[in-house]
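Please look over the sequence and the structure shown below before reading on. The report that follows takes up a few parts of the chain in turn.

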Amino acid sequence: MTATVTPLKPPASSGPPKRGWGSVGPLSIGIAGLWLSIIVLLPLAAITSEAFDDGWSGFWAAVSDDGAVDALKVTVLVSLVVALINVVMGTIVAWVLVRDEFPGKRIVNSLIDLPFALPTIVASLVLLSLYGPSSPIDIELNATRPALVIALTFVTLPFVVRQVQPVLIEIDKEVEEAAASLGAGNWTIWWRIIFPSLAPAVLSGAGLAFTRAIGEFGSVVLIGGNIPGDTQVASQYIQQQLEIDSPVDAAAVSVALLLIAFVVLLVLRVLGRWTSRREEAN
């Protein structure tokens with residue numbers, strides 16, 4: 001006669017399930033939502049409301065004004081150039097800091113974050129001293145678009161570097177070594193193995209650099225020249241509208257900048273997720 005063994009059932013839990021350590025409750029969510037509302041949502045709502053004080057026609061007239069269009073074109077063009085420079089040079093700098101050893105590496109790693117700590121107006125003053133009329137290296141760039149590119153590249157330097165660094169650290173070098181042992185060249189290893197893993201971080205850093213650049217003011221205020229149609233960026237145009245008592249026009253251009261930043265970040269985030277899913281599928 002064979003005995004039947006009945007599996008033991010876990011005791012029924014009484015009461016609601018307990019949250020794990022680190023989970024958030026309604027109070028934490030409420031505090032976070034309130035804080036974001038005060039710091040982000042309310043200011044955005046206020047400036048959007050002011051931008052449409054004269055209705056949609058007034059908003060469109062403000063952002064389609066020749067001065068506003070010129071300032072937005074200069075801002076977007078220069079910011080795109082800055083983002084591309086950051087993608088290339090930021091990735092190279094991150095690679096050197098992660099993969100290479102050299103004297104003073106810790107100092108260089110600390111200098112990457114200097115633009116975050118340095119007041120941007122100080123950066124503009126330093127760049128003006130270096131590339132202005134009394135340039136000690138005999139290179140005068142003030143009041144030119146290359147000066148805008150240099151200033152904005154300086155303040156956006158950390159974004160791509162700091163996004164790419166942790167991903168590079170986590171990449172398994174054994175995969176690269178295996179590919180090399182099978183005869184893959186350096187370019188093949190970079191393009192087929194390393195870059196797909198870095199792409200989401202690179203895109204994220206590029207988006208942050210671009211959005212920081214389109215709203216920058218302090219670093220370009222002295223070296224940029226503020227020449228309408230040539231070197232005047234959107235932030236300087238906004239200040240100009242405030243000085244001539246046109247706050248609605250200033251708010252309208254500000255909202256246009258916000259929309260550009262939002263669209264760029266959204267597109268890059270979608271591309272980053274698509275790249276990540278494609279990499280996981282492979």
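In what kind of crossing, left-handed or right-handed, does α7 pass α9? The crossing is right-handed, where a crossing counts as left-handed if the near helix is turned anticlockwise from the far one by less than a right angle, and as right-handed if clockwise.

## Basis of the report

This is a predicted model, in which local features need pLDDT of at least 70 and side-chain atom pairs count only at pLDDT 80 or more, while totals for chains, interfaces and linings use all residues. Residues are numbered from 1 along each chain as its sequence is written, and side-chain values use heavy atoms, with hydrogens and water left out.

## Annotated regions

In an unreviewed UniProt entry, the annotation "transmembrane region" covers residues 27-47, 74-98, 110-131, 143-161, 189-210 and 250-271; UniProt positions are given in the numbering used here, feature names are shortened, and annotations may be inferred rather than shown by experiment. In the model, residues 189-210 are 100% helix and 0% strand, with end C-alpha atoms 29 Å apart, and residues 250-271 are likewise 100% helix and 0% strand, with end C-alpha atoms 32 Å apart. Helices (H or I, at least four residues) and strands (E, at least two) are DSSP runs, numbered from the N terminus.

From the unreviewed entry, UniProt also lists residues 72-268 as "domain: ABC transmembrane type-1". Over residues 72-268 the chain is 75% helix and 0% strand, and the end C-alpha atoms of this span lie 20 Å apart.

## Helix α7 against helix α9

Helix α7 (residues 145-170) and helix α9 (residues 186-214) have axes that come within 8 Å and cross at roughly 155°; axes are lines fitted to C-alpha atoms, for helices over the stretch in contact, and angles run from 0 to 180 degrees between N-to-C directions. The two helices, α7 and α9, are therefore roughly antiparallel to each other, given that angles under 35 degrees count as roughly parallel, over 145 as roughly antiparallel, 65 to 115 as roughly perpendicular and the rest as oblique. On the α7 side the contact (heavy atoms within 4.5 Å) includes L152, V155, F159 and Q163, and on the α9 side it includes I194, L198, A201 and R212. By class, the residues of this contact of α7 with α9 comprise 15 nonpolar, five polar and one charged, where Ala, Val, Leu, Ile, Met, Phe, Trp, Tyr, Cys and Pro count as nonpolar, Asp, Glu, Lys and Arg as charged, and the others, Gly among them, as polar.

Within α7 sits L148, which is buried at a relative accessible area of 0%; buried means under 20% relative accessible area, exposed over 50%, and partly exposed in between (1.4 Å probe, protein chains only). Leaving aside neighbours within four places in sequence, L148 is in contact with V74, V78, V220, G224, T231 and V233. The C-alpha atoms of L148 and V82 are separated by 9.2 Å, although the two are 66 residues apart along the chain.

## Helix α3 against helix α9

Helix α3 (residues 66-99) also has an axis that comes within 8 Å of that of α9, and the two cross at roughly 140°. It follows that α3 and α9 are oblique to each other, and α3 passes α9 in a right-handed crossing. Among the residues that meet here are V76, L80, N86 and W95 in α3, and W190, V202, F210 and I214 in α9. The contact of α3 with α9 has 14 nonpolar, four polar and no charged residues.

M89, another residue of α3, is partly exposed, with a relative accessible area of 45%.

In helix α10 (residues 234-243) the buried residues are A234, S235, Q236, Y237, I238 and Q241. For S235 the relative accessible area is 12%, and S235 touches G215, E216 and F217, not counting residues up to four places away in sequence.

Most residues other than glycine have a negative phi. D245, which follows α10, has a positive phi near 60°. A143, in the loop between α6 (120-131) and α7, has a positive phi of about 65° although it is not a glycine, and A143 is partly exposed at 23% relative accessible area. N226, in the loop between α9 and α10, has a positive phi near 55° and is partly exposed, with a relative accessible area of 30%.
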